Amino acid sequence: MNADNVIRRAIVAAGQVQGVGFRPFVYRLAHEEGLSGSVGNTSDGVRIEVQGFILAVERFGQRLRNELPPLARLTAVQEESLPLLDDEKTFSIVQSQGRTGHNVLVSPDMGICQDCLKDMRDPTDRRYGYAFTNCTNCGPRYTITYAIPYDRAVTSMCCFPLCPACAAEYSDPLDRRFHAQPIACPVCGPHLWLVNGKAAAAGQTSPSPENQVHALEQAGNILLRGGVLALKGLGGFQLACDARNAHAIQSLRQRKDRPHKALALMVGNLATASVLCNLNPEHEALLQCPEKPIVLCPRRKDCLLPSDLAPDVTSLGLMLPYTPLHAALFHWLDRHTSLPPVLVMTSGNPHGEPLCLGNREALQRLPHLADAWLLHDRDILCRVDDSVLGVRPGRTVSITASSDSVEPFFYRRARGYVPRPVHLPSSMATAPCVLGAGAELKSTICLAHGAEAFVGQHIGDLENPATLAFYEESLARLESLLEKRPAAIVCDLHPDFLSSRYAEARATREALPLWHLQHHAAHAASVLAENHCFEPALVLCLDGTGLGTDKSIWGGELLLMDLSRPYWRRLGRLSPFALPGGEAAIREPWRIALALQEQNRNTISAAPCPWHDDFVQAEAAVRIMLARGINCPATSSCGRLFDAVAAQLGLCTVISYEGQAAIRLETAALPYMMTAEKSPPNWSLQSLSAEQPDTFDAQDKPVWQLDSTSLFAQVLHGQGAGQPPGLTAACFHVALASGLADMCAVTAREHGLNNIGLSGGVMQNSIMARLLPEALYAHGLTPLTHHDLPPGDGGLSLGQAVWGQRLLLA
């Protein structure tokens, strides 16, 4: 080589670059370009040194960015020139180097890839039917990783020494299993065994030749006989039963104390999914994406599955087998059933508690739920539930979203997406690490450091010690993996949330700054941060409950926020109405309907009470409470208004799970939406009125409000005129979206703003998620929605963490 034409360059690639086939990819590129040098994992990412002709090195750098492996993601690439090494002739992969602190992204767990499925289905392959097959393009990552750099020695696979055949694959840079840390085969890897109820009761739970050799067959037969199987999955245990067996479904519901909430289903392939649901290309893309989430798909009218799988909705939550164990089980079932198998696959936990993680824990906690346990000996290091996604309704704008793939609409973010970070603007690069402690329902935690915010997996409702322990466990693990400790904490304003109590205790113990951020302000900060909007904007926050700064219950709020300062104030709301009995009104929404009837008594003489026969005495008591103002806190909650309308229309007077009444109202409205939108109801809302300045937060400018009482009055009018409940429900959605958009438009003009954020659990309603952005577009405004996180409380911790970062930078 002529030294004038030869250069040597060091490249450090940061991001999701370990455990995703990045080093063999680099090795292949270097060989194709005729370069010498090396590549290895470090705590800063992957360090590459290449030497060769100038054009080849330049080409290598371009291909490095443009031809990434399927699971790799780059967040930063740094390059520097180095002196030539005269005696270097080859390109090699060198040993990993670690230190305290790193810039490496831990890869989420990924669903099994097509190549591994092909191996499992080939009778001549040594991994035929093997339930732990994986490669660098798929398999467990986050749930088996102890530390970074990501190597087998710091995973739960460290106790499975490689056999010669696996060792050869692991060491070959041109093999797709090169440095696949979970690599295994039947000779050297984890194994299955089945424990039935009788054996569990007798304490005979260890693996043995008898319970290993036919474990999959025994598990399949239990399912076909209508039993409930506890299966050790990727991020914890799952409870499975035959989704074609109505008795099995009812048994599972009774055991889990889950009478109505929809159950997720697993199908063996896309063909089966298309028989059950009307799939468009977006549904198919989400079902087949590497993350393999649960995808909400519209149920076909000719679907033959029992209706009580999802009695409150017209959709089914479908997923494809995402582990080789699932694939092996479906392969066996396929050969032993006349119809394609469909399994209920729901979280393996007692009602209201966290997922079961280990074998002993599942045997101890699930004896009343499961008839048998399908176990294995690969440890799961953290609980991660399945993610739930849908196809995004309508047309929205994202400043940060890319258009090269189908964009998910998150209902629950966990397996496959955690711990992938939410990327913040580069202006946040110097921001210290802040912990967002999350809310009470659908809780998550967030560690924001610099321009990356790591939102943890869905934890659930923080309402008992077991879930709080899971919360603390998840946070400790995230801090350990990221090697980050918070410099400050931000929590909810509500003092009784367990997340707030944790934050207060830790801030005191570690002498950390602690800020309490109002619930809806955190929602607003979250959607603005996701969209990199750090300038003044309006945000409409619509949900069920959040403690306001005036100690009342908020939930239908229009906020002005400027994240750059940071600053917020409330400019609008739904007009307040009563919650007779407080928390009891959330469980029994007929109470709210009765309260809104009372607020309309001067304009509507009589209104039906669909709940009357079931609550004669309770109704009389509630009327007295309303008349005397006893235990009737006021709320501006949009979610509670949905509940009241559902109860008034006789759709749901008592709930068995959070959000049930609003879900039934949405379901009733869907068939009538075209009618309601073509001929908008002639509802004289007179909905915008200026409040007195001293009503909110001692601000000196008026606050707008949308009249909840008038909205409810029109529901009563529609009901009195004999409208079908579904049509009245549809008209309510249309009028509410229109009124809220009008309030946004008036306020936006007053303040010279254009961006309108939309956040809160109501934005998971598919009708509102479509109508509100459309109505804002019609006013010439730009709606900003969530794209990386759920709009409900599962995304709120991001807003808390970013708010704290801005306070520290101010």
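Tutor: Helix α17 meets helix α18 through Trp 590, Arg 591, Leu 594, Ala 595 and Glu 598 on its own side, and Ala 618, Glu 619, Val 622, Arg 623 and Leu 626 on the side of α18. This is a predicted model, in which local features need pLDDT of at least 70, side-chain atom pairs count only at pLDDT 80 or more, and totals for chains, interfaces and linings use all residues. Residues are numbered from 1 along each chain as its sequence is written, and side-chain values use heavy atoms, with hydrogens and water left out.

Student: What makes a stretch a helix, and what makes two residues meet?

Tutor: Helices (H or I, at least four residues) and strands (E, at least two) are DSSP runs, numbered from the N terminus. Contact means heavy atoms within 4.5 Å.

Student: Why are α17 and α18 called oblique?

Tutor: Start with the angle. α17 (residues 590–599) and α18 (residues 616–628) pack at about 50°, with axes 10 Å apart. Axes are lines fitted to C-alpha atoms, for helices over the stretch in contact, and angles run from 0 to 180 degrees between N-to-C directions. Under 35 degrees is roughly parallel, over 145 roughly antiparallel, 65 to 115 roughly perpendicular, and the rest oblique. So α17 and α18 are oblique to each other.

Student: What is the handedness of the crossing of α17 and α18?

Tutor: It is right-handed. A crossing is right-handed if the near helix is turned clockwise from the far one by less than a right angle, left-handed if anticlockwise.

Student: Which classes of residue make up the contact of α17 with α18?

Tutor: There are 6 nonpolar, no polar and 4 charged residues. Ala, Val, Leu, Ile, Met, Phe, Trp, Tyr, Cys and Pro count as nonpolar, Asp, Glu, Lys and Arg as charged, and the others, Gly among them, as polar.

Student: How do you know how α17 is oriented to α22?

Tutor: Their axes come within 9 Å and cross at roughly 100°, with α22 spanning residues 708–720. That angle therefore makes α17 and α22 roughly perpendicular. Ala 593, Leu 596, Gln 597 and Gln 599 of α17 meet Thr 709, Phe 712 and Leu 716 of α22. By class, that is 4 nonpolar, 3 polar and no charged residues.

Student: Why is α19 called roughly parallel to α22?

Tutor: The axes of α19 and α22 cross at roughly 20° and come within 11 Å. That angle makes α19 roughly parallel to α22. α19 passes α22 in a right-handed crossing. Among the residues in this contact are Leu 641 and Val 645 of α19, and Phe 712 and Leu 716 of α22. The contact divides into 7 nonpolar, 3 polar and no charged residues.

Student: Why is α20 described as largely enclosed?

Tutor: Buried means under 20% relative accessible area, exposed over 50%, and partly exposed in between (1.4 Å probe, protein chains only). In α20 (residues 660–669), 7 of the 10 residues are buried, so the helix is largely enclosed by the rest of the structure. The buried ones include Leu 665 and Glu 666. Their cover includes α19 (638–648), α21 (673–678), α23 (725–751) and α24 (766–778).

Student: What makes Glu 361 buried or exposed?

Tutor: Its relative accessible area is 19%, so Glu 361 is buried. Glu 361 lies in helix α12 (residues 359–365). Leaving aside neighbours within four places in sequence, Glu 361 contacts Leu 355, Cys 356 and Arg 383.

Student: And why is Ala 147 called partly exposed?

Tutor: Ala 147 has a relative accessible area of 25%, so it is partly exposed. Ala 147 sits in the loop between α3 (114–121) and α4 (164–171).

Student: What makes the peptide bond from Val 418 to Pro 419 worth noting?

Tutor: Most peptide bonds are trans. The bond from Val 418 to Pro 419 is cis, with omega near 15°. Another cis bond joins Arg 565 and Pro 566, where omega is about -15°.
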